[in-house]
Amino acid sequence: MNRQQKELYSDILESQLVLAGSVHHLLKKYKEDNKDLIRLSGNKPELVENLLHCVEEGVIDIKEIQALIKDSEEFGDQYIYIYKTLDGVNDSDYHDGKMIADAILPKNEREKFPKIMDMPTKTEWADFRSPNRGINNSWLVKLYDKKVRRERQNEWVDDSTGFFHIVYKEKPSRVILMAEWDGKQLEIKIGRTTSDSTTSVLDTRRKVEQLIAPGVFIQRDFTKKDLSDTIHNILINWDTNKNIYKLLSVKLVDSHSGQATISTNGEDELDLLSDKSRKEAIEAYLNSEGRPNSLAIQLLAEGSGDVLSSDVNVVLGKNDINEIIIPANISPQEYKYVRKKIAEFS
């Protein structure tokens, strides 16, 4: 590992993208046979430094670091958009990963995969896998992109002219974009940043759709998976699932397209429906042909059978009927648990 590589991996591993617990877990895996080399105490930068030293000493393979970064990029802190094939379209049309890769990726691009980079200068293809994580007939394509936002740094009034001056600084964010086929449905995943807006996320989703369009015909072969029934089922089954999740907020639409949003009163409150008047208001909507079309819940660690290390917030249908938002970095195991619980109500 040369100096440039070490600085790159250090920057990524020390970022918010990678959880300190994940670095600690990887070090712990090799601790027993390398007690003099590996230290499990210290802050995150110290753990990262120790991890990279272990790579230089040949104790830990660089591929394990790449896998750690890959997991951190691909699970959680995302907008997820789910699509299913239209009636008459065979799922098997999208099973051939090589055919998909040949259609969408520039010639010889796959030879460079997987790419690891901190900040791309443009949208770049980063990886393609088929099968993906051992799932039959699956594939995943990943891209890196950059989003730039302006932050106000300083402001003053020029006494001689009376002009008001504002100084901005551009702050770039790396965005991870993915399209994933699991043999049954297609998902477009967009990494969250601090400067997201509904419009910018929609534009990014369209960008991904356009980039994979030579091999994945979303407009022709797919439709959005409607999560309305899932939202409804989670809401009405709240009473029997209090140990699994807590309701945070719901957006309801009545029979005349009027809308209402009902939310909890902060972190100290037990649940959205713990207040009688709110519960009655929601029931009134549902009993008069109204429907919920957006829901925020908190999956509880204590009800997960030790799968979740902490509570995980999830938002369904906020900006589109096929949208799931997971606003935090989570481990692959935690991600699978979250998706499984959502699927159980679909």
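Guide: A salt bridge is a side-chain nitrogen of Lys or Arg within 4 Å of a carboxyl oxygen of Asp or Glu. This is a predicted model, in which local features need pLDDT of at least 70 and side-chain atom pairs count only at pLDDT 80 or more, while totals for chains, interfaces and linings use all residues. Residues are numbered from 1 along each chain as its sequence is written, and side-chain values use heavy atoms, with hydrogens and water left out.

Visitor: What makes Arg129 and Asp127 a salt bridge?

Guide: Their closest N and O atoms are 3.2 Å apart, and the cut-off is 4 Å, so the pair qualifies. In general, side chains of opposite charge can pair when their charged atoms come close.

Visitor: Why is Asp127 called buried?

Guide: Its relative accessible area is 7%, and buried means under 20% (exposed is over 50%, partly exposed in between; 1.4 Å probe, protein chains only), so Asp127 counts as buried. Arg129 has 13%, so Arg129 is buried by that rule too.

Visitor: Where is Asp127, and which residues does Asp127 touch?

Guide: Asp127 is in strand E2, residues 124-129; strands (E, at least two residues) and helices (H or I, at least four) are DSSP runs numbered from the N terminus. Setting aside residues up to four places away in sequence, Asp127 touches Phe113, Pro114, Leu140, Val141 and Lys142, where contact means heavy atoms within 4.5 Å.

Visitor: How do you know that Lys142 and Glu74 form a salt bridge?

Guide: The closest N and O atoms of Lys142 and Glu74 are 2.9 Å apart, which is within the 4 Å limit, so the name applies. The pair links distant parts of the chain: Lys142 lies in strand E3 (residues 139-157) and Glu74 in helix H4 (residues 62-74), 68 residues apart. Both Lys142 and Glu74 are buried.

Visitor: Which residues are linked with these in a network of salt bridges?

Guide: The network joins Asp71, Glu73, Glu74, Asp127, Arg129, Arg133, Lys142 and Arg174. Across the whole structure, 27 salt bridges are found.

Visitor: In the Asp221 and Arg220 salt bridge, why is Asp221 called buried and what is Arg220, buried or exposed?

Guide: The closest N and O atoms of this pair are 2.8 Å apart. Asp221 has 6% relative accessibility, under the 20% limit, so Asp221 is buried. Arg220 has 54%, over the 50% limit, and is therefore exposed.
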